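Below are some questions and answers for a reader new to this structure. Each answer ends on the value or name asked for.

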Amino acid sequence: MAMRKLYKTVNVSSECDGEERKFWLDYYILEKEVEIEEFSVNTYGIEICKRSKREDNSSYFEYRKIFDIFCTEEETVEVIEKLARNSVTPICMQEVLEDLIGTGDFVSEEFLVAAV
């Protein structure tokens, strides 16, 4: 069973085409137990959620989860700190992780964009 723990929320204000846009980025640690050759080990992943309100007051939400990236929570926290410090969004997450850890071979990934 996978566990999801909120690590940090970042409030972002940016300007695009003369308009100020505000949104929130939530960074989560994903932990799950995996069976490897009759042994149970914990693996760690990262989820980033982007939340905002549009001018018509509808909600915009997107997220990306990548599981099984790290072997320790400490490694995961170190990378999340870098992602949060640089306001990395779900859309950019995979490319940034590829650069940080040197691999793009992510097997367990989930992505969603929704406006409600």
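Q: Does Thr43 count as buried or exposed?
A: This is a predicted model, in which local features need pLDDT of at least 70, side-chain atom pairs count only at pLDDT 80 or more, and totals for chains, interfaces and linings use all residues. Residues are numbered from 1 along each chain as its sequence is written, and side-chain values use heavy atoms, with hydrogens and water left out. A residue is buried under 20% relative accessible area, exposed over 50% and partly exposed in between (1.4 Å probe, protein chains only). The relative accessibility of Thr43 is 13%, so Thr43 counts as buried.

Q: Which residues does Thr43 touch, not counting those up to four places away in sequence?
A: Thr43 is found in strand E3; strands (E, at least two residues) and helices (H or I, at least four) are DSSP runs, numbered from the N terminus. A contact means heavy atoms within 4.5 Å. With residues up to four places away left out, Thr43 touches Leu30, Glu31, Lys32, Val34, Asp68 and Phe70.

Q: What pattern does the protein follow, read along the sequence?
A: The secondary structure comes to two helices and five strands. Read along the sequence, their pattern is β-β-β-β-α-α-β.

Q: How far apart are the end C-alpha atoms of helix H1?
A: The expected span of a helix is 1.5 Å times one less than its number of residues. Helix H1 covers residues 73–85, and its 13 residues should span 18 Å. The model agrees, as the end C-alpha atoms of H1 are apart by 18 Å.

Q: Within what arc do the buried residues of H1 fall?
A: In H1 the buried residues are Thr76, Val79, Ile80, Leu83 and Ala84. They line one face of the helix, because seen down its axis they fall within an arc (taken from the directions from the helix axis to the C-beta atoms) of 135°.

Q: Which exposed residues does the face of H1 turned away from its buried side carry?
A: The cover over the buried residues of H1 includes strands E1 (3–16), E2 (19–36), E3 (39–53) and E4 (59–70), and helix H2 (90–101). The face turned away from that buried side carries exposed residues, namely Glu74, Glu78 and Arg85.

Q: Within what arc do the buried residues of H2 fall?
A: H2 has twelve residues and reaches 17 Å from its first C-alpha to its last, close to the expected 16 Å. Its buried residues are Pro90, Met93, Gln94 and Leu97. Seen down the axis of H2 they line one face, because they fall within an arc of 90°.

Q: How many disulfides does the count come to?
A: A disulfide is a covalent bond between the sulfur atoms of two cysteines. Here a disulfide is counted as a pair of cysteine sulfur atoms within 2.5 Å. Cys71 is exposed at a relative accessible area of 63%, and Cys92 is partly exposed at 39%. By this rule the number of disulfides is zero.

Q: In which element is confidence highest?
A: The predictor's confidence in each residue is its pLDDT, from 0 to 100. The mean pLDDT of the protein is 88, and 93% of its residues reach 70 or more. Confidence is lowest in strand E5 (residues 109–115), at a mean of 72, and at 96 it is highest in H1.
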